[in-house]
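Reader: I would like to go through the labels used for this protein and see what each one rests on. Please set each value beside its cut-off.

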Amino acid sequence: MEKEPLPTDDDKTEVNGYTGEESQQASSEPPARAGWNSKIEYFLAQVGFSVGLGNVWRFPYLCHQNGGGAFLLLYVMLMLVVGIPLFFLELAAGQAIRQGSIGVWRYISPRLAGIGYSSCVVCFFVALYYNVILAWSLFYLGNSFQHPLPWNQCPEQGNLTVKECEKSSPTSYFWYRKALNITDSIDDTGSFNPYIVCCLLAAWTIVCLGMFKGIKTSVKVMYFSSIFPYVVLICFLVRGLMLDGALEGISFMFYPKVEIWADLQVWRQAATQVFFALGLGFGSIIAYSSYNPKNNNCHRDAFTVSAINFLTSVLATLVVFAVLGFRAKGKVMECVVSNMNELSEQYHSGHVDENLMPNFNYSVPSSVHVQRYRAWFKEHGNNVPFNLTDCDLEQEMQKGVEGTGLAFIAFTEAMSLLPGSPFWSALFFLMLLNLGLSTMFGTMEGILAPLTDRFKTLANNKTKLTIFSCIIGFLIGLLFTQRCGNYFVMMFDDYSATLPLIIVVVFETFSVSWLYGADRFLDDIEAMLGWRPSVVYKYLWKYVCLLSMLGLLGATTIRMFIKRPTYMAWNQAMASEEHLPYPGWALAVLALLIIIAMMPVPVALVHAVLKEMTKKISRDTENGEYSMVSTDDKCDTPVTEMTEVDQRSRTFASFC
């Protein structure tokens, strides 16, 4: 028998997408869903969730490291053929079935309910470490209201500058020693950091208050948290473009290096960034779209939100590299001045041949142009009888521009050089806080909405569930407030979500395009929207997206086995960062995180199969008893026929 189409508003015999026996089980679920007060609220929620910290500190780094403009073109191409189709799939599924991730995949087939539970687990893992980043932002925000900024210069002990700070930089020292008080490796746990514990408590309190009444309260916060970052980015862009070195930074950023397209690793990184930029697999997209009216144009929403996400990444990249260009230009000029002073001293001492001296005016080192110095250095630098350095602007820009290093070290250092640095610092970390909050609201909705849709008890006590979830999140999050907590944040960020989310999206795509049927899904969208999307989506879902995700999954898995996972540690004695391999117990934790995240999929499958077998045995036994009954008048009593409701419920208990 064919599977029923997705539910419509006129389906009076169905309860939450189920019929027959399944409807009796689902009848305990909330019969109605809340809704957005306006389309603007929905847009703010979706954009706020998809636009997060990764747009500010991961996308610029990947773009710079992987060919600049060439990476942008590759990213846009993958966004069009993989990202937007999958984003549209999740939007349409949530809007049509009007359930969270658990309800959506349980509707497709009870055997697939584990996909939704896996999404909830991954969301919980992400929420644990993501809120720690918000705690760090709160800590820096609180320290920004000082002049001069506490990371502006190295502290002194007695009359001597702290050696660890002198060897590194004031911003690196403040981050690793004052903010984190970090240990040298993940094996050395250390004590709890009381300042970060308090900030983490404050972060979870803000999230709890924002989610207190579901989307009705969170969306009020999003009016500020989703819009404010754009105001700050525009302010930073205008200010950044006026800085010396900004244009050099942007030109380095967008200079195309097409040869990188031959590198498979670049394709993997671009696909992964598309995947995480849109928030696929978290269940939050499904949860937010489930509050929409049935006739909402989710196809247009998919393109609009994706375009806003991409343009935000480009805007953030312009800001980041304008400011980093200013920072790098200052460092390079310090290098040039130092080298020119040394060269002048050696020349006047008679240690340098006059033929090796530059033909520009080196008597005023600060007026020397970087390009002219580098041209002279390439020609004569190796012949000078003492060590000089090549003051490379691009090499300077590559230092500390990834992840937390960008926000809490490189960008922070650049802001400390600006006039009115406390104002710009407070503005920047307030922006990070708002970006993180809007993403956290979406992540928490990806946990709470599916559970309250599935279980009536939780639906009737959603406020208590929200408070309980935040308390549990805070208590487990204390793990990240230890002195080694930053290493656990990196572990969760790199591995707890990557593989599980890719697997979840593979199951989602396969379930809709092959098990339910891409044609039938397009039929349902046509009935919902009043027009039929292009048949191109059918082939994108069935082949291009699915094969791309399987390729990404394979490449990520193979890379983990070929190259032992490492993390960036801070060596206090050397006052520098170093890559260390994860110890055996940490690798076991990584494996356990991935297993826990994916365990609901096979468990739900086995549970559904056993349940179907039990029902079948029960029906066979009942039918057998009826067939053996005889009457005194020898009349034949036929076997009781399966009702239409039973047939339909059995259909829902099997794959397409």
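Author: H24 and H25 are roughly antiparallel to each other. Before the details, note that this is a predicted model, in which local features need pLDDT of at least 70 and side-chain atom pairs count only at pLDDT 80 or more, while totals for chains, interfaces and linings use all residues. Residues are numbered from 1 along each chain as its sequence is written, and side-chain values use heavy atoms, with hydrogens and water left out.

Reader: Why are H24 and H25 called roughly antiparallel?

Author: Helix H24 (residues 498-529) and helix H25 (residues 536-562) pack at an angle of about 170 degrees, with their axes 9 Å apart. Axes are lines fitted to C-alpha atoms, for helices over the stretch in contact, and angles run from 0 to 180 degrees between N-to-C directions. Angles under 35 degrees count as roughly parallel, over 145 as roughly antiparallel, 65 to 115 as roughly perpendicular and the rest as oblique. The pair H24 and H25 is therefore roughly antiparallel.

Reader: What classes of residue make up the contact of H24 with H25?

Author: That contact has 21 nonpolar, five polar and three charged residues. Ala, Val, Leu, Ile, Met, Phe, Trp, Tyr, Cys and Pro count as nonpolar, Asp, Glu, Lys and Arg as charged, and the others, Gly among them, as polar.

Reader: What makes H7 and H9 roughly perpendicular?

Author: Helix H7 (residues 113-143) packs against helix H9 (residues 170-179) at an angle of about 115 degrees, with the axes 13 Å apart. H7 and H9 therefore count as roughly perpendicular to each other.

Reader: Which residues of H7 and H9 meet?

Author: Trp136, Phe139, Tyr140 and Asn143 in H7 meet Phe174, Trp175, Lys178 and Ala179 in H9, where contact means heavy atoms within 4.5 Å. By class, the residues of this contact are six nonpolar, one polar and one charged.

Reader: How do you know whether asparagine 309 is buried or exposed?

Author: Buried means under 20% relative accessible area, exposed over 50%, and partly exposed in between (1.4 Å probe, protein chains only). Asparagine 309 has 0% relative accessibility, so it counts as buried. Its place is in helix H16 (residues 298-348). The side chain of asparagine 309 reaches the backbone oxygen of serine 50 at 3.0 Å. Leaving aside neighbours within four places in sequence, asparagine 309 is in contact with Ser50, Val51, Asn55, Tyr75 and Ala277.

Reader: Why is glutamine 346 called buried?

Author: Glutamine 346 has a relative accessibility of 19%, so it counts as buried. Glutamine 346 is also in helix H16. Not counting residues up to four places away in sequence, glutamine 346 touches His351, Val352 and Phe386.

Reader: What label does serine 576 get, and why?

Author: With a relative accessible area of 24%, serine 576 is therefore partly exposed. Serine 576 lies in strand S4 (residues 576-581). Serine 576 and lysine 167 are 409 residues apart in sequence and 8.0 Å apart in space, C-alpha to C-alpha.

Reader: What makes helix H6 mostly covered?

Author: Eight of the eight residues of H6 (residues 101-108) are buried. Among them are Trp105, Arg106 and Tyr107.

Reader: How many residues of the protein chain count as buried, as a percentage?

Author: Of the 656 residues, 56% count as buried.

Definitions and conventions
Helices (H or I, at least four residues) and strands (E, at least two) are DSSP runs, numbered from the N terminus. A polar contact is a pair of N or O atoms within 3.5 Å; within protein, one must be able to donate a hydrogen and the other to accept it, and residues adjacent in sequence count only if both atoms are side-chain atoms.
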